[in-house]
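Work through the exercises below with the sequence and the structure open beside you, and try each task before you read its solution.

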Amino acid sequence: MASARDANNGAGTKWCHLHDMVIQRRQTHLRDFMQANRRILIVDDDNALRESLVEQLKRDGEFDVVECETATMALDAVRRERFDAMLLDVGLPDMDGRDLCRQFRRDAINVPIVMLTAADSEGDTVEGLDAGANDYVTKPFRLNVLLARLRAHMRQSEHRDDAVFSIGPYAFQPGAKLMTDPARRKKVRLTEKETAILRYLYHAGDRAIGRSTLLGEVWGYNAGVTTHTLETHVYRLRQKIERDPANAEILVTEPGGYRLNP
């Protein structure tokens with residue numbers, strides 16, 4: 001009887017330990033996810049409106065925001081940083097915002113672009129959408145409605161099969177599990193897990209993501225999967241995409257986790 005009771009107690013202790021591990025991973029995942037803010041570019045020469053948009057976007061800690069007053073500043077910003085979405089005014093001082101949108105699309109910048117304008121005719125809307133914008137919002141607008149539409153476009157963009165993201169010299173196509181480097185005419189085929197790792201790190205921006213968070217995102221809360229599994233996948237991924245895998249420049253190691261360089 002004692003041995004059976006001890007076995008049951010041991011099983012119960014093991015289950016409790018497993019439950020604690022799952023809870024700990026979920027808490028770590030949630031903390032890192034909340035830190036992995038999406039990056040928004042606002043291009044508008046109306047200082048009052050721009051400041052109001054920045055305040056609203058930053059209020060809940062969901063977004064990081066870069067603001068520009070001119071098309072020239074915006075073009076410079078997208079060369080230096082990557083963004084998850086853009087709010088783009090039509091009436092910029094140095095360029096029509098629709099022409100700027102066309103330029104972004106020609107440069108293979110495929111993130112959602114929401115145009116802001118005081119013109120509300122059907123022709124203006126059609127012209128803005130034809131320029132490559134995902135949406136066309138007329139001023140004045142309700143900020144909560146604008147943000148809801150922005151979030152909806154971002155969700156759709158992230159799950160499109162034909163979505164393309166820039167990572168280092170590569171164009172990353174998660175739907176095709178493919179990375180291409182046009183300059184070197186190089187194609188890299190990815191596994192499902194490698195694709196999921198890169199996708200999550202990409203959306204984390206310039207923040208390091210903890211190993212336990214990546215494990216939870218890519219493999220689920222499976223106690224049989226350890227950090228060694230993740231490290232093995234990262235090692236193989238570096239062999240595919242880094243010029244010098246021993247000195248990674250794209251998928252870099254940070255204290256406690258990993259980060260992508262843009």
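A residue counts as buried when its relative accessible area is under 20%, as exposed when it is over 50%, and as partly exposed in between (1.4 Å probe, protein chains only). The model is a predicted one, in which local features need pLDDT of at least 70 and side-chain atom pairs count only at pLDDT 80 or more, while totals for chains, interfaces and linings use all residues. Residues are numbered from 1 along each chain as its sequence is written, and side-chain values use heavy atoms, with hydrogens and water left out.

**Exercise 1.** Find which residue forms a salt bridge with Asp64, and decide whether Asp64 is buried or exposed.

*Solution.* A salt bridge requires a side-chain nitrogen of Lys or Arg within 4 Å of a carboxyl oxygen of Asp or Glu. The partner of Asp64 is Arg207, and their closest N and O atoms lie 2.9 Å apart. Next, Asp64 has a relative accessibility of 19%, and therefore counts as buried. Arg207, at 26%, counts as partly exposed.

**Exercise 2.** Describe the salt bridge between Asp181 and Arg184, and classify both residues by accessibility.

*Solution.* The side chains of Asp181 and Arg184 come together with an N to O distance of 2.8 Å. Asp181 has 2% relative accessibility, so Asp181 is buried, whereas Arg184, at 34%, is partly exposed.
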